[in-house]
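Open the structure in your viewer and keep the selection tool at hand. We will go stop by stop.

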Amino acid sequence: MNQRIEVVGAVIVKEGKVLCTQRSVTMRLPHKWEFPGGKVEAGETLKEALVREIKEELDCVIQVNEKITRTEFDYTKSKIALNTFYCSLKGDDIELLEHEAMKWVAPKELLKLTWAPADIPTVRMIMRQMND
Ligand SMILES: Nc1nc2c([nH]c(=O)n2[C@@H]2O[C@H](COP(=O)(O)OP(=O)(O)OP(=O)(O)O)[C@@H](O)[C@H]2O)c(=O)[nH]1
């Protein structure tokens with residue numbers, strides 16, 4: 001029925017900044033900012049799902065590093081669990097294939113974006129960790 005959906009999000013860090021992507025009008029939660037990623041498919045590990053999603057969304061290869069956290073959030077129509085990992089880019093080129101926009105944002109500026117509601121606890125955690 002209304003099962004919790006496992007979602008993975010990549011916190012891609014480069015030169016102390018975090019890659020943030022904005023959902024497009026055709027996606028659910030239009031215009032909200034998020035970590036690129038998506039739903040885990042049957043038979044995939046979280047890390048495999050993340051590598052696949054980032055290739056699909058940004059046409060680039062990432063290295064998945066430490067896990068940040070798993071947080072649960074109940075939207076009206078779905079319940080998700082957001083699993084986030086620190087990641088690094090293996091190359092330099094990013095192509096936005098699904099999102100409306102992207103930005104490299106310093107940790108202390110992250111809360112200036114309008115995030116998907118499920119992301120707020122993770123954003124706060126990253127801000128604490130990266131400012132240490
Ligand atoms: N990728 C991603 N999804 C998020 C984040 N925060 C958040 O609430 N979500 C939600 O988690 C779900 C992920 O779905 P998605 O649409 O990005 O993933 P997908 O490409 O695998 O799904 P689709 O093929 O059904 O569209 C959406 O409901 C999205 O709104 C986030 O930071 N990153």
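Select residues 120-131. This is helix α2, with twelve residues. From its first C-alpha to its last, α2 reaches 16 Å, close to the 16 Å expected at 1.5 Å a residue. Remember as you look that this is a predicted model.

Now colour T122, V123 and I126. These are the buried residues of α2. Why do they sit on the same side of α2? They cover an arc of only 100° around the axis, which puts them on that same side. An α-helix has 3.6 residues a turn, so residues three or four places apart point the same way.

Turn to the other side of α2. There R124, R128 and N131 are exposed. Then go back to the buried residues and show what they pack against: β1, β2 (17-22), β5 and β6.

Next, select residues 46-58. This is helix α1, with 13 residues. α1 reaches 18 Å from first C-alpha to last, close to the 18 Å expected at 1.5 Å a residue. Which residues of α1 are buried? Colour A49, L50, E53, I54, E57 and L58. They cover an arc of only 125° around the axis, so they lie on the same side of α1. Show their cover, which includes β1, β4, β5 (62-74) and β6.

D59 follows, and its phi is positive, near 50°.

Move on to strand β5 and pick Q63. Is Q63 buried, exposed or partly exposed? Q63 is partly exposed, because 13 other C-beta atoms lie within 10 Å, and a residue counts as exposed at 12 or fewer and as buried at 20 or more. Q63 and S88 are 25 residues apart along the chain, yet their C-alpha atoms are separated by 5.2 Å. Leaving out residues up to four places away in sequence, Q63 touches C87, S88 and K90.

Now show the ligand. How many residues surround the ligand? There are 16, and the closest are E34, G37, G38, K39 and A118. The elements that give two or more residues to this shell are β1 (4-14), β4 (37-39) and β6 (79-89). Of these, β4 gives the largest share, three residues. Colour the shell by class to find eight nonpolar, four polar and four charged residues.

Last stop: select residues 3-127. UniProt lists them in an unreviewed entry as "domain: Nudix hydrolase". The end C-alpha atoms of this span lie 30 Å apart. The span is 17% helix and 41% strand.

Terms used: Residues are numbered from 1 along each chain as its sequence is written. This is a predicted model: local features need pLDDT of at least 70, side-chain atom pairs count only at pLDDT 80 or more; totals for chains, interfaces and linings use all residues. A residue is near a molecule or strand if its C-beta atom, placed from the backbone, lies within 6 Å of it. Helices (H or I, at least four residues) and strands (E, at least two) are DSSP runs, numbered from the N terminus. Ala, Val, Leu, Ile, Met, Phe, Trp, Tyr, Cys and Pro count as nonpolar, Asp, Glu, Lys and Arg as charged, and the others, Gly among them, as polar. UniProt positions are given in the numbering used here, feature names are shortened, and annotations may be inferred rather than shown by experiment. The expected span of a helix is 1.5 Å times one less than its number of residues. The arc is that of the directions from the helix axis to the C-beta atoms. Two residues are in contact if their C-beta atoms, placed from the backbone, lie within 7 Å.
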